[in-house]
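Please consider the structure shown here together with its sequence. The paragraphs that follow lead through its surface, its overall fold and some of its side-chain arrangements.

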Amino acid sequence: NWRRSLILMSADLSSRSNSKSLTLVFFAFLVSLIATFGSLFFSEIMNFIPCSLCWYQRIFIYPLVFIFLINLLFPDDKMFKYAFPLVIIGWSISVYHNLLMFKIIPEKLSPCVQGIPCSVDYLNWFGFITIPLLSFFAYTIILILLIILKKEINAK
C-alpha cells in the first residue's frame, strides 16, 4: 500500500513539475520566505519593535512558508484552500495598517493602544516605502499568484 502511495505521489510530482503551477507555488514560497526573513531581520537585527498590527501580519505570513514548501515537495491541488484564507486575512490587516500609516484612517482607530504605535515609521525609503507597505506588496503578490494558480488548477 505504501508503494502505491509513493508511485502515485511521484506521478503527481512529475505531472506537476512540467506545469506552470509548480513555478507559481515556488514564487509564492519565495515571497513568503523573503517576507518572513525580512520581518525577523527588522525585529531581531535592526531591533525594530513590531506593533500589534505587525504581529498579526506575521501570524498569517509565517505558516505560508511551510504550506508552500510542503506543496512543492508533495503537490496537492487542495493547497489553495489552506493558503488563501491566511493570505486574505493578512492582506486585509496590511491594507488597514497602510491606511493608518498614510493617515487615511485616524490614529484613534488604531488597535495599538499599548507599546509601539501602529503608525511608527521605522523605515521610509523614497519617502513612501514603509514596513507595512512591504508587507502589503508581499501579500498582494502572493494573492495574485494564488489566483493565477487556482485558474491553472481549474483549467486542468
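A nonpolar patch on the surface is formed by F66, L69, I70, L73 and F74, which together have about 500 Å² of accessible area. Patches consist of residues with over 30% relative accessible area and no salt bridge, where like charges are joined within 9 Å and nonpolar side chains (Val, Leu, Ile, Met, Phe, Trp, Tyr) within 5 Å. A salt bridge, in turn, is a side-chain nitrogen of Lys or Arg within 4 Å of a carboxyl oxygen of Asp or Glu. Accessible areas come from the Shrake-Rupley method with a 1.4 Å probe, and for residues only the protein chains shown count as cover.

This is a predicted model, in which local features need pLDDT of at least 70 and side-chain atom pairs count only at pLDDT 80 or more, while totals for chains, interfaces and linings use all residues. Residues are numbered from 1 along each chain as its sequence is written, and side-chain values use heavy atoms, with hydrogens and water left out.

Helices (H or I, at least four residues) and strands (E, at least two) are DSSP runs, numbered from the N terminus. L73 has a relative accessible area of 49% and is therefore partly exposed; buried means under 20% relative accessible area, exposed over 50%, and partly exposed in between (1.4 Å probe, protein chains only).

V65 also lies in helix α3, but V65 is buried, with a relative accessible area of 9%. Apart from its neighbours within four places in sequence, V65 is in contact (heavy atoms within 4.5 Å) with F29, S32, L33 and T36. V65 and I34 are 31 residues apart along the chain, and their C-alpha atoms are separated by 9.3 Å.

What pattern does the protein chain follow along the sequence? The order is α-α-α-α-α, with 5 helices and 0 strands. Of its 156 residues, 38% count as buried. The accessible surface of the chain comes to about 9,400 Å², and 72% of this belongs to carbon and sulfur atoms. Among contacts with a separation of 6 or more, 70% are between residues 24 or more positions apart.

I141, in helix α5, is partly exposed at a relative accessible area of 40%. The C-alpha atoms of I141 and A28 are separated by 7.7 Å, although the two residues are 113 residues apart along the chain. F102 is found in the loop between α4 and α5 and counts as partly exposed at 40% relative accessibility. F102 and L133 are 31 residues apart in sequence, with 10.0 Å from C-alpha to C-alpha.

The aromatic side chains come next. Rings of Phe, Tyr and Trp (its six-membered ring) pair if their centres lie within 6.5 Å; planes under 30 degrees apart count as stacked, over 60 as edge-to-face and the rest as tilted. By this rule the count is 5 aromatic pairs. W91 and F136 form a tilted pair, at 6.1 Å centre to centre and with 35° between the planes. W91 lies in helix α4 (residues 79-101) and F136 in helix α5 (residues 131-155), so this pair ties together parts that are 45 residues apart in sequence. W91 is partly exposed, with a relative accessible area of 27%, and F136 is partly exposed as well, at 23%. One aromatic cluster is formed by W91, F136 and F137.

A charged side chain also meets a ring. R58 lies over the face of W55, at 4.9 Å from the ring centre; a charge sits over a ring if NZ of Lys or CZ of Arg is within 6 Å of the ring centre and within 35 degrees of the ring normal.
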